[in-house]
Structures are given as structure tokens and as C-alpha cells.
Amino acid sequence: MDLAVQRVLRPGSFEEAVRVMAEHPHALPIAGGTDLVVQLRDGRRAADVLVDLSGAGLAFITARNGVVEIGGATTMDAIANSREIRDACPALAAASRLVGAWPIQCRATLGGNLANASPAADTAPPLLVAEASVHLVSADGDRRIQLSELFSGPGETCLRPGELIRSIMIPTQHLQRTVREGFAKVGPRWEQIISVASLAHRFELDADGSIREARVAVGSVAPTPVRARAAEQFLAGKPPTAAVRREAARHLQDDISPIDDVRAPAWYRRVAVSVLLDRALTEAADG
Amino acid sequence: MGSVTVSLVLNGEQRTFEVPAGRRLLDLLRDDAGLTGTKEGCGAGECGACTVLLNGLPVPSCLVLAASCEGADVVTVEGLGGDRPLHPLQRAMVERGGVQCGFCTPGVVTTGAALLEHGITEPLEQGRRLAGNLCRCTGYSKIFEALQAAAREPGDD
């Protein structure tokens, strides 16, 4: 079945894409289309004009000056395969291999996953933990925001009309200390599922095994993917013992506000995300 | 609805199509190119029946806009064997009973061919990469046997 769109514009460069977006303020940009095509088909979104970003040169990964930069139209598969990303943000590489299954990963893009702004977006928790920033460009100029500022609600972002995600920037880690980082999600099966709960963590450990700094971000348990600040503050300076793990899970409850929906009831999400945190801390303790 | 021109290499042949702007790659393949080997299952990227190779990687063609395939290289199940009648994985699927009703088979075979092409032969990893291709008949055992057999095949390709 054809999608109900009148025109597809295919800019051949990023500059042209920005210009085309300005000329068509109601156009929707499309990259991999793995979310958008389904939404257009089901009538959950509508657009007369699509701006196809395949030719806009947004599929790239570069590492320089302590920053790994990922172009907005870089696929999950390319991210999962990238040595630079596996070094700078292993949780993102892991999450990219758990978005849909392989054929989805070969098509879905990082910019699309973020712009779609699902509370369940699997790439968001790892990038929140990495304190990534986003480079946004429109005909009016460009700005760089923290990823946490991008999401304003379920399916909603602070993107202005005509504004495109050019790239996502991840500060590379200074690995003087021991860092434990990872991503895990819960759902009915491993692949091809939308997360019922997800969690990314980055624990910086002291020589005695206690947690010097904890960063935790969670998905599918709040209107947007969020950092778990209460759990993080509780964990700072503590060893990941069984008692600390239990107490951290209690603090985590203050960071989240899950809802009942078709995928799971809120109570289950609360339990599931606690288990994910417990596992991450247990692994950190085990080295 | 406006139309759009798409030039692409389809199963090794340079082709140009004039299609409605909102046409999906799946419909271009089936309706415009007459390549009905590629199947539509869920139409939402969840079942894998419509998987084709786009620039050498498996993608769900129900989620790909035909317009975005300008200049692309697309291989469907019909193009997998090349000059020969069957790709080694196709032959192994037949010999080992990896095909029952056959509806998922074109998608399984295209994803599987990409696995072999990328040298992914470890069974657990093959299982993860094939998890997006749902089969309700075989229980997957015969499909994995076929993948392992095709991976062992001496390099005549």
C-alpha cells in the first residue's frame, strides 16, 4: 500500500536538506523510516512532503579531539560495528544491537531513534549516561544542546520546525580509573521487541571496588528516557554490596514514573528496572 | 499523488521506475518489477518476510521508501543465485527441509545469505541476527542446519 504523501524531496547534501526543510515547513524528514513509515501507514502521523535524508551525507562516525561524533543518519548496525563507539560508549554499541533485529538495525538511524522520542528509545539511556550532546541545524542557524534537553514528552522533542539533527557528540572517556558500563533491556524476548524497561549504567570504581561516580539512565519508565539522579547520588562513594544494591533500587523508584500500557503494567516496570540495576551493580562488584 | 523516478541496480540489472511518491520498496519490487518472491507479512517491520538486501545489508522492504533507493543496489531472493540456479543457502534449505509453508523463506534466505557474506557463522550469533525473521512452521532447527551446511560449503562462489 502506498503511503499518502504527495512528494518526496531528495536533497543531495546537508546544506540543501536544511534549505529544503526551510522551504517546506510542514515537511517531515525521513532517514531509515523504520518508525516513520509505520506511523504514516497507520495514520498516526501525516505529511504531504517527505524530505529523504539518504543523500544528505549524515551517515558518518568520526573520533577527534576527545569527541566521537555520529551523523544523524548513521545506522544502528554501523554503530554496533564501530570500534570508536565500542571504546567511547560500549553501552551504546550494545543497545544498537538490541534495537529491533538485524534488518531493522541495518536501516534504523540514531537521529531517527532520538527524534522519534519514544520513552522506550534504546539508544537514549546509553547516550544520557555518556552525557552526549546533539548538534541541531536549521536555516536560522545551529545550536548544540544536551541530549537530556531534546526530549520534552512521549513522542515530543524541542526540535523547531525545519530543524534537523546533524550529529550526536559523545565525550570520550578518560580511562585512568576502572569503568564498568553496559546496557540491558527487558521485554518478552531479546530481539525485535520494544523495551518494557531498559537501563544503561556507567560506574567509575575506586581501587577498593567502591563506586566513585555512578551514572544511571532508564527507558520506558517515565515520559522520556531519564537519568536516575536519586539512585546515582545514593550510590556515590558506596561499595556495591547486597544491602547497597537493595537500597539503590528503592532510591531508583523516586526517579521513575512508569505507566500501565499494552506492553506491561507500571508495577512490573518498577520491578524490572530494579532488577536491571541490581544486575549492573552485581556485575560491577564481580569485576 | 505525485510520482518519483527511481533508478537502481536490481538483481544486477540497471532499472528505472516511475512510481507514486509514497510507494514502498516492497511494492515496487512486487507490483512494478514483478518480483513476487519477496512477501508482505506484517507490513510493520516485525516479521522479516519482506527482507531484501539493500547495498549488501538485509532490510525490511516494507519500511523502505522506494524514493530513497535512488542509486542503490537491491538484491531480492530471485537474484541471490546469480548465474547459478540456487545460492548455496537456498540449496541447503531445500536439502535439509528448512522450507515448509515457504512464506518466511525468501526473508530467511536473504538475511541468511547476508550472514554468510559477512562471515557470521557462530550459531548463537546467527540465531540473534535471524531473530527478526519469524518462521511459524519449522521450529528453526532445519533453518540453522541449512545455515551451518551452507557455511561449510567449499568456496565455489
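**View 1. An open sheet of three strands in chain A, with the order β1-β3-β2 and parallel pairing.** The edges belong to β1 (7-9) and β2 (28-30) of chain A, each with a single partner strand, so one side of each has no neighbour in the sheet. Neighbouring strands are turned by 30 degrees against each other on average, direction ignored. The model is predicted.

**View 2. The pairing of β2(A) with β3(A), which run parallel.** Three bridges join β2(A) to β3 (residues 49-52) of chain A. Pro29(A) stands opposite Val51(A) in β3(A).

**View 3. The domains of chain A.** The domain assignment gives domain 1 (7-52), domain 2 (61-171) and domain 3 (178-286). Taken over C-alpha atoms, the centres of domain 1 and domain 3 of chain A are separated by 35 Å.

**View 4. The interface of chain B and chain A.** Here 30 residues of chain A are in contact with 40 residues of chain B. About 2,700 Å² is buried between the two chains, and carbon and sulfur atoms give 58% of that area. Leu63(B), Leu65(B) and Arg129(B) supply 23% of the area that chain B buries against chain A, more than any other three residues.

View 5. Asp2(A) forms a salt bridge with Arg23(B), with the closest N and O atoms 2.8 Å apart. Elements giving two or more residues to the side of chain B that touches chain A include β1 (3-10), α3 (105-117) and α4 (123-129) of chain B. β4(B) gives the most to this side, with four residues.

Note on methods:
Residues are numbered from 1 along each chain as its sequence is written. Chains are lettered from A and ligands numbered from 1 in the order in which they are written. This is a predicted model: local features need pLDDT of at least 70, side-chain atom pairs count only at pLDDT 80 or more; totals for chains, interfaces and linings use all residues. Side-chain values use heavy atoms; hydrogens and water are left out. Domain bounds come from an automatic or database domain assignment. Two strands pair if DSSP finds at least two bridges between them. Axes are lines fitted to C-alpha atoms, for helices over the stretch in contact, and angles run from 0 to 180 degrees between N-to-C directions. Contact means heavy atoms within 4.5 Å. Buried area is the accessible area (1.4 Å probe) that two parts lose on being put together, summed over both. A salt bridge is a side-chain nitrogen of Lys or Arg within 4 Å of a carboxyl oxygen of Asp or Glu.
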